[in-house]
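Please keep the sequence and the 3D view open while reading, and look up each residue as it is named.

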Amino acid sequence: MRAGPLPAGSPAELAALVADGLAGTNGRSALARLTELLAYGAADPADPACAAHLHCPPLAVAAAADLAVSALNPSQDSWDQAPAATALETALLAELAALVGYDPARAAGVLTSGGTESNLMGLMLARDQKLDGIVELDGIPAGADPRIIASEAAHFSVQRAAALLGLGERAVVAVPVDRQLRMEPDALERTLAETSWAGATSVAIVATAGTTDTGSIDPLHIAADLAARYGAWLHVDAAYGGGALLSDRLAPLLDGIARADSVSLDWHKLGWQPAAAGVFLVRRAETYVSLARRAEYLNPVDDERAGYPSLLGLSLRTTRRADAFKLAVTLRTLGRDGLGRLVDACHDLAHAAADAVRAEPLLELHGEPVLTTVVFRYRPQEAADEAAIDELNGQLRRLLLRTGRAVVGRTELPGEGPGRVRLKLTLLNPHTTTGEVGALLREVVRAGRKVAGERAG
Ligand SMILES: *Cc1c(COP(=O)(O)O)cnc(C)c1O
């Protein structure tokens, strides 16, 4: 029995349980016994107290569709390994292109492992389009001084992508953000101008539509105007906020996304798909050129001329499972409206949680929720310096983990010095009630009191 979304105990205790399970299991009972172990030791994203990450409870219909994919095992790297799945992925991507506001006849895309891979792809195409010719084939031109402009709150995968693409992490210039972690438009303009004066090339602007912590959406139209003015590629990382496109209420927040050259979407976040269900889209299919490859055993020219399509040149991967299938099934089952209602329910829940935080004197709200996250911290009544409050919040979160009673997020606001540690609820379970969120916050307060009492005593 568990007291909440996690097994109680320390990581070492759990690792010992897993080692015992592996050592003591063989033969036909392995599936049942190890599944039991996996379930016992899983973080249950459907538990109302499991609210740390963009880690959603998957829809049953999507999980069932994914199981069918596992059993049938189509692979998207050639038509003869996935005839229907190839056609289905192409059709689904056209629907998603329309959802973003792209012209589906001109757009292209692919299913990815998630925002990390999609961001890498967007920045790779940006590099190849913006630095003379196709860098993929020839290497980065001598003398090029490329920059990627992203906000301080952009996802860390942007730096990783810059490193992998041979531009170096230092090519990423961080634009300051406001209190809600939204990119400052004036600072973006200044950064682009300074990059240009310094003789460097602004290869890409990365605008985040839904920062991981606060869900804030960078000014997309301004980013698009500035990208056009400075000849930069615009990549919109909507790994989290893309789900807002499903909701009539929230979709206007993403106005301008259709002007992006490329977009990352993640349906294993605000889309209730089992991982992985990432999507990468480009507005103009021809910008995909640098990924095209010919492998005689996968996409020979004569097959292609005879009408056998190939998705090989759309992905960084070769063998690739049919992740589009579960999403196509989900969209047919619930419709955009049905999914939009789930998004709205989580958005309502975030506002209810913010109200509950405001009503609790021992909690301090960081700002109004934008999508479905709430950022706050425990603030003890007794005077404490900022470093001590940081430490206390980290400790109370670990206490909740150790007892297995709750999984709340812990993050830090951008900047320097103490006082930046915050707790976070990422609310992705549309069935969670306001009462359950209130109970979770009381659990946080109880843990805070306990830790504060131990520190004093
Ligand atoms: C989650 C997230 C990513 C990374 O996506 P993965 O699917 O985990 O690879 C990128 N950007 C943002 C804004 C995210 O929230």
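This is a predicted model: local features need pLDDT of at least 70, side-chain atom pairs count only at pLDDT 80 or more; totals for chains, interfaces and linings use all residues.

- The strands β3, covering residues 146–151, and β5, covering residues 201–208, run in the parallel sense where they pair, and five bridges join them.
- In general, the strands of a sheet pair through backbone hydrogen bonds, and this pairing can be either parallel or antiparallel.
- Seven strands make up an open sheet with mixed pairing, and reading across the sheet gives the order β2-β8-β7-β6-β5-β3-β4.
- The edges are formed by β2 (108–112) and β4 (172–175), and each of these has a single partner strand, so one side of each is left without a neighbour in the sheet.
- On average, and with direction ignored, neighbouring strands of this sheet are turned by 20° against each other.

**The ligand and its surroundings**

- There are 15 residues around the ligand, and those that come nearest are Thr116, Asp237, Asp266, His268 and Lys269.
- Sorted by class, the shell around the ligand consists of nine polar, three charged and three nonpolar residues.
- Helix α5, which spans residues 115–130, gives the most to this shell, contributing three residues.
- At Gly115, a polar backbone atom is 3.0 Å from an oxygen atom of the ligand.
- At Thr116, a polar side-chain atom lies 2.7 Å from an oxygen atom of the ligand.
- At Asp266, an N or O atom in the side chain is 2.6 Å from an oxygen atom of the ligand.
- Of the 380 Å² of accessible area that the ligand has on its own, the protein covers 85%.

- Gln180 is found in the loop that runs between β4 and α8 (185–197).
- Although Gln180 and Ser216 are 36 residues apart along the chain, their C-alpha atoms are separated by 6.4 Å.
- Val263 lies in strand β7, which covers residues 262–266, and Val263 counts as buried because its relative accessibility is 0%.
- Val263 and Ala239 are 24 residues apart in sequence, while the distance from C-alpha to C-alpha is 8.5 Å.

Conventions:
Residues are numbered from 1 along each chain as its sequence is written. Side-chain values use heavy atoms; hydrogens and water are left out. Two strands pair if DSSP finds at least two bridges between them. Helices (H or I, at least four residues) and strands (E, at least two) are DSSP runs, numbered from the N terminus. Axes are lines fitted to C-alpha atoms, for helices over the stretch in contact, and angles run from 0 to 180 degrees between N-to-C directions. A residue is near a molecule or strand if one of its heavy atoms lies within 4 Å of it. A polar contact is a pair of N or O atoms within 3.5 Å; within protein, one must be able to donate a hydrogen and the other to accept it, and residues adjacent in sequence count only if both atoms are side-chain atoms. Accessible areas come from the Shrake-Rupley method with a 1.4 Å probe; for residues, only the protein chains shown count as cover. Ala, Val, Leu, Ile, Met, Phe, Trp, Tyr, Cys and Pro count as nonpolar, Asp, Glu, Lys and Arg as charged, and the others, Gly among them, as polar. Buried means under 20% relative accessible area, exposed over 50%, partly exposed in between (1.4 Å probe, protein chains only).
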